[in-house]
Amino acid sequence: MGKRMSPPAPVDPRSSRDFRPELYPLCEGRPAPAADSGDPVAQRMLEFAGIYYRLNLLYTRLQEVRLGHSAALPAAIHAEIGQAVQDRDALEDRLAPEGFFAEAVIEGLVTTNLVFSHALKKSMEPKPAVSSSSFSLYVPMPQPGEDLEAHLRRHLGAFFDIPDSAVPAPGKAKRPSRKQAAAPSRKASRRGSKP
Amino acid sequence: MRKLILRNFQSPGDLVMLTAALRDLHRCHPGSFATDVRTSCPALWENNPFITPLREDDPEVEVVKCEYPLIHRSNEEPWHFIHGFMQDLGVKVGLAIRPAFFGGDIYLTEEELASPGLGLGDLPSDLPWWIVSAGGKYDYTIKWWHRRRYQEVVDQLQGRIHFVQVGEQGHYHPPLRGVTDLRGKTSLRDLVRLVYHSHGVFCGVTVLMHLAAALPQVPGRPLARGGVIIAGGREPPHWEAYPTHQFIHTVGQLPCCATGGCWRSRTVPLGDGEPHDRPEHLCLDVVGGMPHCMEMISASMATAAFRLLPASS
């Protein structure tokens with residue numbers, strides 16, 4: 001994230017004695033990052049998580065008042081909710097120039113998860129595993145009317161050129177020799193087979 | 001007959017402009033070329049009658065790298081983006097190519113022409129519906145207008161226009177209230193189809209505005225598809241704007257875009273290692289978290305632009 005928009009260190013409600021973990025939203029479906037993380041993305045996530053936790057607490061308190069389980073004044077809670085919404089809007093606006101945004105997933109009255117948009121998200125997502133047992137081949141589209149088998153033979157010659165004698169009879173498993181199985185024909189390798 | 005493969009792997013908006021160059025190559029020189037393309041957006045070439053499957057290893061095939069160097073003269077000379085690929089292609093094939101239509105060239109199937117798809121049957125039947133894109137890619141954040149302003153416009157036009165919000169997953173597209181939300185749910189081909197059936201597009205300088213100009217109008221609608229484009233001062237208006245759109249720009253109103261577009265990339269650096277973070281690509285005049293040129297465009301200015309368009313009434 002850019003240096004110009006460095007956020008202040010967020011207050012982590014998890015350090016509070018009366019912390020209610022069931023009201024602390026997940027971040028991207030996982031527990032929120034550690035408070036001492038120096039990572040700017042994590043810091044921004046914590047800012048949003050903190051403010052939605054505050055909103056969750058307030059909505060829950062309001063619900064408790066309505067159900068007669070609390071003697072707090074609803075008007076006071078409404079005012080606090082108004083302030084928390086303003087603070088969330090201010091946070092959204094502060095981070096808007098860099099496109100950092102949290103979208104709340106709400107169940108009932110409670111925000112349970114936050115889904116983030118930001119510039120580094122793509123680079124932070126897990127990369128697909130590269131397995132040594134997989135490979136890809138480039139085969140151009142055949143021309144209209146072109147014989148498909150001939151087209152595939154031309155481009156995947158190595159895989160078609162295995163002699164019939166190398167194919168095991170049913171019930172007699174026999175691996176083709178390494179030379180037969182692996183060595184692509186000169187033609188196929190020139191045409192762009194990729195490891 | 002010469003055989004050409006046109007190559008370009010830029011963004012969809014650029015490629016809509018390349019569809020125009022291909023069309024006009026054939027219109028200016030009918031029967032002279034067999035053409036194929038290699039691009040990042042096959043969806044834009046579906047059903048295109050100017051495509052003939054060609055192989056790069058065919059010795060008769062010429063592979064043409066398509067570019068638009070004309071953009072570097074766009075602040076000084078009166079050219080539109082539509083001339084960009086066309087001029088470059090003309091030079092590379094040694095022939096003059098002139099635009100035959102002010103827009104790209106996209107073809108839909110009968111099924112696509114019949115309905116917008118995507119389960120949009122629930123849209124209000126008594127209102128025109130427009131597509132809105134309230135964000136964009138992270139490489140050009142300088143093109144973004146504030147989402148609260150998009151929301152204000154949506155709210156101000158409630159009961160007159162229904163909006164369908166779109167946006168690619170992984171890009172910045174904060175949600176709007178009171179819209180049909182199709183963010184992350186449309187392929188490029190879905191978007192083509194949606195734009196065709198929409199009454200207009202409300203967005204920054206994006207592929208949507210080029211699609212809106214490229215696609216034919218739905219039969220029975222007498223006027224052109226609308227467009228309200230929040231452009232600011234990044235691009236010279238003559239390079240980007242289409243005549244039937246309301247293109248709200250600020251070129252000539254600020255020192256940083258006094259005589260043309262600034263062509264910069266980002267409002268603030270994002271720290272993602274991209275060259276767009278370099279000082280020469282950053283906005284020179286940020287006000288309230290927005291480029292000054294975008295900040296100058298109020299929600300009521302955009303709403304007023306809608307009122308000028310018959311397609312929104």
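Modeller: One term to begin with: a residue is buried under 20% relative accessible area, exposed over 50%, and partly exposed in between, with a 1.4 Å probe and protein chains only. This is a predicted model, in which local features need pLDDT of at least 70, side-chain atom pairs count only at pLDDT 80 or more, and totals for chains, interfaces and linings use all residues. Residues are numbered from 1 along each chain as its sequence is written, chains are lettered from A and ligands numbered from 1 in the order in which they are written, and side-chain values use heavy atoms, leaving out hydrogens and water.

Colleague: Is Asp57(B) buried or exposed, or in between?

Modeller: Asp57(B) is partly exposed, at 42% relative accessible area.

Colleague: Which residue does Asp57(B) form a salt bridge with?

Modeller: Arg55(B), with 3.1 Å between the closest N and O atoms. A salt bridge here is a side-chain nitrogen of Lys or Arg within 4 Å of a carboxyl oxygen of Asp or Glu.

Colleague: How many salt bridges over all chains?

Modeller: The count is 35. One of them joins the side chains of Glu47(A) and Arg94(A), at 2.4 Å from N to O. Glu47(A) sits in helix 1 (residues 40-66) of chain A and Arg94(A) in helix 2 (residues 74-95), so this pair, 47 residues apart, links distant parts of the chain. Helices are DSSP runs of H or I with at least four residues, strands are runs of E with at least two, and both are numbered from the N terminus.

Colleague: Glu47(A): buried or exposed?

Modeller: Buried, at 12%. Arg94(A) is partly exposed, at 26%.

Colleague: What about Lys92(B) and Glu67(B)?

Modeller: Their side chains form a salt bridge at 3.0 Å, N to O. Lys92(B) is in helix 2 (residues 81-93) of chain B and Glu67(B) in the loop between strand 3 (61-65) and that helix, so the pair ties together parts 25 residues apart in sequence. Lys92(B) is partly exposed at 35%, and Glu67(B) is partly exposed at 34%.

Colleague: Which residues do salt bridges that share partners join into one network?

Modeller: Arg88(A), Asp89(A), Glu92(A), Asp93(A), Arg147(B) and Arg148(B).

Colleague: Changing topic, what is chain A built from?

Modeller: Seven helices and three strands, in the order β-α-α-β-β-α-α-α-α-α from the N terminus. Of the 195 residues in chain A, 32% are buried.
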